[in-house]
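Colleague: Please take a close look at the strand pairing in this model and tell me what it joins together. I'd be glad of one connected walk-through, with the rules behind the terms.

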There are 4 protein chains.
Amino acid sequence: MDEDAPRPPVYDLLGIEITEAEDGRARGRLPMRPELSAVPGRELAHGGVVAALADSVGYWAVSSLRGFASTPTVDLRMDYLAPAEDDMVATGEVVRNGASVGTVTVDVAAGGERVATARGTFKTGGRSGDWYGDG
Amino acid sequence: MDEDAPRPPVYDLLGIEITEAEDGRARGRLPMRPELSAVPGRELAHGGVVAALADSVGYWAVSSLRGFASTPTVDLRMDYLAPAEDDMVATGEVVRNGASVGTVTVDVAAGGERVATARGTFKTGGRSGDWYGDG
Amino acid sequence: MDEDAPRPPVYDLLGIEITEAEDGRARGRLPMRPELSAVPGRELAHGGVVAALADSVGYWAVSSLRGFASTPTVDLRMDYLAPAEDDMVATGEVVRNGASVGTVTVDVAAGGERVATARGTFKTGGRSGDWYGDG
Amino acid sequence: MDEDAPRPPVYDLLGIEITEAEDGRARGRLPMRPELSAVPGRELAHGGVVAALADSVGYWAVSSLRGFASTPTVDLRMDYLAPAEDDMVATGEVVRNGASVGTVTVDVAAGGERVATARGTFKTGGRSGDWYGDG
């Protein structure tokens, strides 16, 4: 991945690490902790936290095919399959690499089990300066 | 809304407030701040942050029709329409209130402009004790 | 709408009529008949039939803002709210009109009741000759 | 699969054949012909036709885990990856088999290439007689 790419501040707030981004694939992780939970006294990741990880990994998978240019999220669809009660790992793979948009599939696992699967569409063909960000 | 419902810890981390939840409608807000940004040096909300707000408001809209029982998110679909660079307000409305599942539409505005729109499916018919949470 | 636009052959097979397409809005109809049904002996429209109507109306809403150029469907998300057991009418409205992609909301009613609601992303920024069709 | 299950009339109109449905997996096919096209004079399947095939295969994958009971579509999300210009084959696999809802992934190929990928949520926990159909 591009070590010089600017790191989104929200990664620090949540604890997201992107560990790989190359050739249309990306991988990231998010250690579970009580602050990310949907339920007091339990470590059960809120759906928005899982979405943040999936969006991020999807973004880098698409961006890796565009020289790490900005590829803003157009839409994101999350399917929650099981509660996420452990450290999360997400892997993304581009399934459409178009001149205007890219589409990516992201799986999220926690404790070795798939807890969510996502699809997203990202903009690949923007004019320079167009809606920078949403990484 | 149900003032006694347990508050998800992630609401504190992100800054989400649910201000209304009644009769299949809900409303919430999330003040913008640098820690929520996707871009260093700018206040541009990361897509996952917007998703967390939408998921939360959708959840309470559905749950308000079920005596504030747990109604876990089954799936969530985000459409990002414009960058969110200001305090966010989200409003949700149930469009299907079924015995097994409910469906809800959520709009998110920032600075008076719609920045995202979402649809989600939530479980209404779970057995007691079934996958508690995902508020 | 553009009366000279080529009519997709599948419109004849299913019975789809586009009755309006202008300024980011479109409207279409599909009379119910037994051949469209999911259930023998009943007139209950198959989900794919409802999707075909929603996709078509969404396409024309977006295309109407692009001089009726080809704007292929990137993704389409259907929410089924109630069984469609009567003639269907669909109305679409663009919610994002971008240089690369447009996003549209489509509602489908049957017998005066909303039976489905859809969101779709369509390509607006393709190179000429790029994946023509999917009207 | 259940040979005695009622065949949806729309399968005949479009030409859909379900060739396998067992243990949470299903397979179907749809031969291409001019009547299914989005473009006059070309054989390029309309998005709604691809959606009809994906919805059908997803339905049977879920239903196969429920003794072939009715499992109506709650929502369906299509991602179009490439034009479908040849006979189509779709394969579906359940990724969540819950008491209230099931979730399924469906891939559609034409001429040996993946042309679309879909995700759908289907109702598994309905009361008997609840919204029969949408097969």
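From hairpin to sheet

Modeller: Let's start with one pair of residues: A:Asn97 stands opposite A:Gly102, which lies in E5(A). Before going on, please bear in mind that this is a predicted model, where local features need pLDDT of at least 70 and side-chain atom pairs count only at pLDDT 80 or more, while totals for chains, interfaces and linings use all residues. Residues are numbered from 1 along each chain as its sequence is written, chains are lettered from A and ligands numbered from 1 in the order in which they are written, and side-chain values use heavy atoms, with hydrogens and water left out.

The two strands here are E4 (residues 88-97) and E5 (residues 101-110) of chain A, which pair in the antiparallel sense over 9 bridges. Strands (E, at least two residues) and helices (H or I, at least four) are DSSP runs numbered from the N terminus, and two strands pair if DSSP finds at least two bridges between them. E4(A) and E5(A) form a hairpin, with 3 residues between them. Elsewhere along this pair, A:Glu93 stands opposite A:Thr105 of E5(A).

E4(A) has another partner as well: strand E2 (residues 25-30) of chain A pairs with E4(A) in the antiparallel sense over 6 bridges. There, A:Gly28 stands opposite A:Ala90 of E4(A). A:Glu93 comes up again too, as A:Arg25 forms a salt bridge with A:Glu93 (a side-chain nitrogen of Lys or Arg within 4 Å of a carboxyl oxygen of Asp or Glu), the closest N and O atoms being 3.3 Å apart. This pair links distant parts of the chain, with A:Arg25 in strand E2 of chain A and A:Glu93 in strand E4 of chain A, 68 residues apart. Over all chains, the count by this rule comes to 40 salt bridges.

Now step back to the sheet. It is open and has 12 strands with antiparallel pairing, in the order E1(A)-E2(A)-E4(A)-E5(A)-E6(A)-E3(A)-E3(B)-E6(B)-E5(B)-E4(B)-E2(B)-E1(B). Its edge strands are strand E1 (17-22) of chain A and strand E1 (17-22) of chain B, each pairing on one side only. On average, neighbouring strands of this sheet are turned by 15° against each other, direction ignored; the axes are lines fitted to C-alpha atoms, for helices over the stretch in contact, and angles run from 0 to 180 degrees between N-to-C directions.

Where do the chains join? E3(A) and strand E3 (residues 73-80) of chain B pair in the antiparallel sense over 5 bridges.

In E4(C), C:Glu93 is the bridge partner of C:Arg25.
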